[in-house]
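Thanks for opening this one with me.

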Amino acid sequence: MLDATPGDSAALIGRARVASWSGELARAEGLWQTILASRPENVEALVGLSQTLRWQGRHGAALDVLDIALAIAPTNPDVLTQERWTRASINPRVAGNVSYEGDSDGNRIVTSALRAAWRPVSRVEITGAGYRRTAGFNTPFVPKRTSNGVSATVWAQAEPGWTFSGTVGVSESNALTAEPIG
């Protein structure tokens, strides 16, 4: 179809969509940008580009594109769905887990971990993490050992997809010769 009518909007969108769905995200992004260069108000292309950017992990860029689409078509269901999915990807989140390990010799280990992340803006994330591990034997003669740690990470993204991060943290243990480690 593109050989016969190179500027056919439906064919161009189809080609960009197939590239995106095939995992050729950089190629798809270029195709969406090409469509939007000549038709900046094409909501279908804006939605396709935002989805491709989201799949690349570029949520801030996806939201920028969706802002344009929302200004053109504020009630379009595809625009609203993409915005909901993109915001869900960057909303504050908390995750935690507890694991227990033991063996027939009486060794016991319990590890608790907690992680929380928040984005003050779409391209910057602050993450905090912490853990506590207790290890011991099923005997009164060997004391339990514990270790704890906390960390904080600041992550930022710049176009076209560069990411930068820095982490600080400290861990400590009640082992006899252990000192806190920053």
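The points below go through some helix packing, a pocket and a peptide bond.

1. Some ground rules come before the details. This is a predicted model, in which local features need pLDDT of at least 70, side-chain atom pairs count only at pLDDT 80 or more, and totals for chains, interfaces and linings use all residues. Residues are numbered from 1 along each chain as its sequence is written, and side-chain values use heavy atoms, with hydrogens and water left out.

2. Start with helix H3 (residues 43–55) and helix H4 (residues 59–72), whose axes come within 8 Å and cross at roughly 165 degrees. Helices here are DSSP runs of H or I with at least four residues, strands are E runs of at least two, and both are numbered from the N terminus. Axes are lines fitted to C-alpha atoms, for helices over the stretch in contact, and angles run from 0 to 180 degrees between N-to-C directions. H3 and H4 are therefore roughly antiparallel (over 145 degrees; under 35 counts as roughly parallel, 65 to 115 as roughly perpendicular and the rest as oblique).

3. What meets what between H3 and H4? On the H3 side the contact (heavy atoms within 4.5 Å) includes Leu 46, Leu 49 and Leu 53, and on the H4 side Val 65, Leu 66 and Ile 68 are among the residues. By class, the contact of H3 with H4 has 11 nonpolar residues, two polar and one charged. Ala, Val, Leu, Ile, Met, Phe, Trp, Tyr, Cys and Pro count as nonpolar, Asp, Glu, Lys and Arg as charged, and the others, Gly among them, as polar.

4. H3 also packs with helix H5 (residues 77–90), at an angle of about 15 degrees and with the axes 10 Å apart. H3 and H5 are therefore roughly parallel to each other. Val 47, Gln 51 and Arg 54 are among the H3 residues that meet H5, where Asp 78, Gln 82 and Trp 85 are among the partners. This contact of H3 with H5 divides into four nonpolar, five polar and two charged residues.

5. Helix H1 is the next partner: the axes of H1 and H3 come within 11 Å and cross at roughly 15 degrees, so H1 and H3 are roughly parallel. Ile 13, Arg 17, Ser 20 and Trp 21 in H1 meet Glu 44, Gln 51, Thr 52 and Trp 55 in H3. The classes in the contact of H1 with H3 are three nonpolar, three polar and two charged.

6. Where do these helices come up again? H1 (9–21), H3 and H5 each supply at least two residues to the lining of the largest pocket, and H3 gives the most, with five. The lining has 13 residues, with Arg 17, Val 47, Gly 48, Gln 51 and Asp 78 nearest the pocket's centre. Its classes are five nonpolar, five polar and three charged.

7. Finally, look at the loop between strand E4 (145–158) and strand E5 (162–173), which holds Pro 160. A cis peptide bond joins Glu 159 and Pro 160, with omega about 10 degrees. Most peptide bonds are trans.

How values were computed
On a 1 Å grid over the protein atoms alone, a cavity is a set of points where a 1.4 Å probe fits but cannot get out, and a pocket is an open set with protein on both sides within 12 Å along at least five of seven lines; lining residues have an atom within 4 Å of a point.
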